[in-house]
Amino acid sequence: MAVRQRLAAVVAVAVLASGCGSAGGPEPSTSSSAPGPATPTPSSASPTWPAKPTDRSPHGVLLSAQLAMQTARRAKVSYRLGADAGSGPLFWQPKTALQVKRSTPAAAEQLIVVDTVAYEGGDAATAARLGGRHWERFAGPQGPDGHREIPYAGLIDLLNPVVALAAATADGVTAQYVGEEKFEDSTAEHYRVTTDAARYAAAQAQLGPARREGLRTALAPGGSISLTLDLWLNDKDQLVRLERTGTGEGGALDDSVVYTEPGGPLSVQAPAEADTVDTGTRSVSPLAR
């Protein structure tokens, strides 16, 4: 409750300072029932960024970053999750969309998720296996609440910056300011938070119990007992780099995600229906990458 009250205060300050403009730009057009491709409408419109709050304590800055990334709603991600890596655009609000090209060996070179439908393939090996078509299409199964699940939700939750920032600002978590550091062609402010996988997952009130448990499992390989979040913010309090490291008796966690073009004119394009093979409904492990 305390976190929600503090975040609400940040929102109120931002609204008073910057007016009632809402985030603009492209949104992925999604459909959970139609078999055809879902095509987003690209746009050059930019979000109306919130003003920085006056609380510049480490916790206050990370709350500001959470609001900034909620406003952005999308960014390009370049990630390394353990031994798996890839890059592409990610939409986390108002609906989920992801398009990544994997840069490490996988069953399929590319993955596209548009709301509750996923496509895998985009490579010669898939085309050879499917008789010339390049993509397999499948939908998420129906969950206990009657809604279809989002395929690869476990991967999306690990990449979503708002999820990471919710964990970094959770009750009982203390943030510290590390310092200003060079980041690519500019500088970024480095913050650090120490938590654990259970607390990280429990902070995600917006996720259902199954997704929270899947997230906790993904963040605790080998029973990791500690989790360190390193977060780098730009001069707009936007998250530009995230590192998660954890240790335990049976394994370790070592993740890195870089965010570029937050709020930019990005789009996620589903493949043409004529180039896909519908494989029905499929469950995806929360550990799938």
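The points below concern strand β5 with its two partners, and then the residue Leu242.

1. This is a predicted model, in which local features need pLDDT of at least 70 and side-chain atom pairs count only at pLDDT 80 or more, while totals for chains, interfaces and linings use all residues. Residues are numbered from 1 along each chain as its sequence is written, and side-chain values use heavy atoms, with hydrogens and water left out.

2. Strands here are DSSP runs of E with at least two residues, numbered from the N terminus. In a regular strand the side chains alternate between the two faces of the sheet. In β5 both faces are covered, with Val117, Tyr119 and Gly121 on one side and Ala118 and Glu120 on the other.

3. Strand β4 (residues 110–114) pairs with β5 in the antiparallel sense over 5 bridges, where pairing requires that DSSP finds at least two bridges between the strands. Val113 has Ala118 as its bridge partner, and the hairpin formed by β4 and β5 leaves 2 residues between them, with Asp115 in the turn at a positive phi of about 60°.

4. Strand β6 (residues 135–139) also runs antiparallel to β5, joined to it by 5 bridges, and Trp135 in β6 stands opposite Gly121.

5. Leu242, in strand β10 (residues 239–248), is buried, with a relative accessible area of 1%. Beyond its neighbours within four places in sequence, Leu242 is in contact (heavy atoms within 4.5 Å) with residues including Ala164, Asp230, Leu231 and Ser256. Leu242 and Ser256 are 14 residues apart in sequence, yet 5.7 Å apart in space, C-alpha to C-alpha.

Methods: Buried means under 20% relative accessible area, exposed over 50%, partly exposed in between (1.4 Å probe, protein chains only). Helices (H or I, at least four residues) and strands (E, at least two) are DSSP runs, numbered from the N terminus.
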